[in-house]
Amino acid sequence: MATIQDVARDAGVSTATVSRVLSAPERVSEATRARVLTSVERLGYAPNVAAKSLRTLRTGKILVTVPDISNPFFAQVIRGVEEAATAAGYAVLLGDTRHEEEREDQYALLLRRREADGIIFLGHRLPPALAELVAAQGAKAPVVNGCEFTPELGVPSAHIDNARAAAEAMEHLYALGHRRVGVITGPLASPLSRDRLTGVQAAAARRGAWGLNVAQGDFSIESGLTQALALLDADPRPSAIFCFSDEMAMGALEALRRRGLACPADVSLVGFDDIRYARHLDPPLTTVSQPKEAIGHEVVRLLLDVLSGRADTVRHVTLAHCLVVRASTGAPPK
């Protein structure tokens, strides 16, 4: 079996360089990295992970928790996490918390027991075990949040400007001539739901608070259907519905069909996230596009900065969003 010394001789570098390529590739030039990886593959070298873990007190694993693994939005964020973590030599452990605090606490304990080097959580709550760690270690705590920006938690995060994105979606509807807009939020315990609602209300206020009717969903297709039916049965009926997730917009589209209404001829529809199915709906969905894989890449970079000791302060990274206009929005009926 090939040793690290064999790889170093074959690649013409030191054993320390081989070790850096395998544990912190971002610290090695691209040419050297390529030469070492070629030697690793040619010689069939496999590092002794258990021994390395004992020497460095590192597991080589990152834990990622998501509130709903069935949501396709999170699937694309996780893909970005996997890409960035694998490139840095880390394996990814995935936990589905199902919005349950007890599950969040159980996964947090894996980090406290040193079964993972760091944790990325994509929900909005910081479990007590992690809150204690953050309080004790500050910016050096290996805890990062994605999507649910809450500065009070005191952890690094990567997200979009949800208030601005929601306001832009509303301005799009207003520019088309809509004056009565129904809004289906996510749970208002969620910071991103509150931020999006803030953006909606700010846009409405700029227009004199035109006919805004707000209902609360839970980001699921089922809640989109239920809440959209209630909005459509209201008097007056909204000429447009803005949903805080594409899945709820899919439910709203079904509600329109059940009421015999056409989209966008009778009611326009806007979603949020731009999941992979949005462009394939009938009609294709106008939605706010989040850089899902880029969020995954960024949260890993933030965590690696902490693990390498490069993080002196808690960083919050705001990534760009864009409104993707498709056929589900148009002028209101006359």
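Which residue just after H9 takes a positive phi? Please describe the helix itself and its surroundings as well.

Author: The model is a predicted one. Just after H9, the residue with a positive phi is Gly208, at about 85 degrees. Helix H9 itself covers residues 191-206, 16 residues in total. From first C-alpha to last, H9 reaches 23 Å, close to the expected 22 Å.

The buried residues of H9 are Pro191, Leu192, Ser193, Arg196, Leu197, Gly199, Val200, Ala203 and Ala204. An α-helix has 3.6 residues a turn, so residues three or four places apart point the same way. The cover over the buried residues of H9 includes helix H8 (162-176) and the strands S6 (181-185), S7 (212-216), S8 (240-243) and S9 (268-273).

The largest nonpolar core has 44 residues, of which Met170, Ile241, Phe242, Cys243, Phe244 and Leu269 touch the most other members. H9 is among the elements that give two or more residues to this core, as are H8, S6, H10, S8, H11 and S9. The most comes from H8, which gives seven residues. Contacts of Leu269 include Ile241, Cys243, Leu253 and Cys263.

Cys263 counts as buried because its relative accessibility is 17%. Its sulfur has its closest cysteine sulfur in Cys243, 10 Å away, and is therefore too far for a bond. The structure as a whole holds zero disulfides.

How values were computed:
Residues are numbered from 1 along each chain as its sequence is written. This is a predicted model: local features need pLDDT of at least 70, side-chain atom pairs count only at pLDDT 80 or more; totals for chains, interfaces and linings use all residues. Side-chain values use heavy atoms; hydrogens and water are left out. Helices (H or I, at least four residues) and strands (E, at least two) are DSSP runs, numbered from the N terminus. The expected span of a helix is 1.5 Å times one less than its number of residues. Buried means under 20% relative accessible area, exposed over 50%, partly exposed in between (1.4 Å probe, protein chains only). Contact means heavy atoms within 4.5 Å. A disulfide is a pair of cysteine sulfur atoms within 2.5 Å. A nonpolar core is a set of buried Ala, Val, Leu, Ile, Met, Phe, Trp, Tyr and Cys residues joined through side-chain atoms within 4.5 Å.
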